[in-house]
Amino acid sequence: MPVPASPIPVAVLGATGAVGQTFIRLLEGHPWFRVAEVAASERSAGQRYDAATRWIEGAMPAAVADLTVVACRPDAVRSPVVFSALDSGVAGEIEAAFAAAGRLVLSNAKNYRMDTDVPLVIPEVNADHLGLLATQRSQRGWTGGIVTNANCAATVAAMALAPVHAAFGIERVFVTTMQAVSGAGYPGVPSLDILGNVIPYIGDEEPKIEREMNKMLGRLEAGRIADAPFTVSAHANRVPTMNGHMACLSVAFQRSVTVEEVHAALAGWQGHAICRGLPSAPSVPLRVMAEPDRPQTRRDVDAGRGMTVSVGRIRPDPLFHVKFVALGHNTIRGAAGGSILNAEVLVAQGAVPVA
Ligand code: NAP
């Protein structure tokens with residue numbers, strides 16, 4: 001595995017937002033990457049990072065506090081690896097400009113996720129889909145490229161479904177999510193709307209959950225993805241928790257499957273071998289909990305430093321075959337941490353030049 005002798009300089013686009021701040025926290029002391037540049041909108045450009053940012057969680061790493069925020073333009077940012085936490089309203093044009101300028105963009109935005117030549121990756125699930133980068137470069141004439149990670153709720157559900165789809169073949173999924181307020185970014189949902197309340201609507205969330213899992217659990221064949229052939233029905237709810245998206249899943253398989261078989265498939269899952277030993281890979285990507293009332297958002301969201309998805313309450317379903325609950329950290333596994341792990345896989349594959 002080509003390990004960098006010294007940390008690779010990276011930039012964070014959208015560094016002032018909720019996901020951008022999570023990148024900054026997770027990259028502090030990272031053995032392979034060093035935050036060299038922070039970029040955001042013209043409103044923030046020119047200010048020191050600590051002045052431009054309303055910091056949300058813990059202490060701001062000292063190494064970035066006095067960096068000057070720059071504009072999100074390839075001529076203002078030099079790093080070869082670019083983590084994007086941009087608002088989707090602007091991510092499309094900006095990320096393409098960076099990819100065309102030879103940068104490797106690891107994106108959290110929805111804009112390119114479903115493009116046929118763009119990898120949509122959870123490394124433990126489908127690291128092989130990174131092979132699409134070659135197609136992307138030849139089709140678009142880019143020397144860099146865009147690699148995306150999924151919607152945060154789709155990520156949690158896909159990690160819990162990947163082992164059972166591989167083992168038994170999924171036919172139908174019914175999923176209800178309970179999603180934390182940090183999923184709406186900063187400042188996000190007004191406190192008077194969410195305190196003591198549940199909102200049964202998150203704009204554009206259900207279609208993302210319903211389409212992205214099929215791509216991620218699909219197969220890379222001859223330079224394109226053959227989607228996994230199951231149907232998903234999603235209900236997405238915003239709930240008054242800080243971090244952590246919970247997904248209650250009912251699953252029908254192509255054959256009758258027992259609770260014991262599902263338990264064994266989930267508990268034994270290691271994920272793609274290339275992830276083992278990478279700096280951000282948790283020792284256990286999926287943790288199966290035996291307690292009847294777990295996982296719980298507050299107690300379990302930080303498992304594996306936010307990179308482990310916790311699963312529990314595996315039981316028979318009278319309408320489908322089996323139902324269970326999954327929980328994952330939305331801004332870590334479902335966003336910044338997932339992107340960083342994608343970048344680590346690319347380094348391990350030799351796709352990022354290392355000094
Ligand atoms: P956020 O808190 O609203 O942050 C948005 C960032 O985009 C800020 O840094 C903002 O900079 C920057 N920005 C806005 N307009 C810009 C412009 N015209 N030019 C350059 N930069 C601009 O949003 P977030 O929750 O961090 O989400 C970021 C992205 O990740 C979104 O695409 C979101 O859908 C996705 N995502 C979020 C989560 C989650 O759990 N929150 C999970 C998965 C994916 P200024 O401060 O200068 O305005």
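**Entry 1: the domain interface**

I began with polar contacts and found 17 residue pairs in polar contact between domain 1 and domain 2, both residues at pLDDT 80 or more. A polar contact here is a pair of N or O atoms within 3.5 Å; within protein, one must be able to donate a hydrogen and the other to accept it, and residues adjacent in sequence count only if both atoms are side-chain atoms. I noted that this is a predicted model: local features need pLDDT of at least 70, side-chain atom pairs count only at pLDDT 80 or more, and totals for chains, interfaces and linings use all residues. Residues are numbered from 1 along each chain as its sequence is written, and side-chain values use heavy atoms, with hydrogens and water left out.

I looked up the bounds next: domain 1 covers 8–151 + 336–348 and domain 2 covers 152–329, as given by an automatic or database domain assignment. The C-alpha centres of domain 1 and domain 2 are 24 Å apart. I then listed contacts (heavy atoms within 4.5 Å), and 34 residues of domain 1 touch 39 residues of domain 2.

For the area I used the accessible area (1.4 Å probe) that two parts lose on being put together, summed over both. Domain 1 and domain 2 bury about 3,000 Å² between them, and carbon and sulfur atoms give 67% of that. Met114, Glu124 and Asn151 supply 25% of the area that domain 1 buries against domain 2, more than any other three residues.

**Entry 2: salt bridges**

I took a salt bridge as a side-chain nitrogen of Lys or Arg within 4 Å of a carboxyl oxygen of Asp or Glu. The structure holds 14 salt bridges, and the rule finds two across the interface of domain 1 and domain 2. I also looked at Arg113, which forms a salt bridge with Glu212, with the closest N and O atoms 2.9 Å apart.

Lys110 and Asp204 meet through their side chains in another salt bridge, at 3.0 Å from N to O. This pair links distant parts of the chain, 94 residues apart: Lys110 is in the loop between strand E5 (104–107) and H5, and Asp204 is in the loop between helix H8 (191–194) and helix H9 (205–216). Helices (H or I, at least four residues) and strands (E, at least two) are DSSP runs, numbered from the N terminus.

**Entry 3: backbone**

I checked Asp204 again for its backbone: its phi is near 65 degrees, a positive value in a residue other than glycine. Most residues other than glycine have a negative phi, and most peptide bonds are trans.

I found a cis peptide bond between Tyr186 and Pro187, with omega about 0 degrees. Pro187 sits in the loop between strand E7 (170–179) and H8. The bond from Arg294 to Pro295 is also cis, with omega near 5 degrees, and Pro295 lies in the loop between strand E12 (286–288) and helix H11 (297–300).

**Entry 4: the ligand**

Of the 27 residues around the ligand, Thr16, Val19, Ser41, Arg43 and Ser44 come nearest. A polar side-chain atom of Ser44 is 2.4 Å from an oxygen atom of the ligand. Tyr186 has a polar backbone atom 3.0 Å from a ligand oxygen atom. For Asn330, I found an N or O atom of the side chain 3.1 Å from an oxygen atom of the ligand.

How values were computed:
Near = heavy atom within 4 Å.
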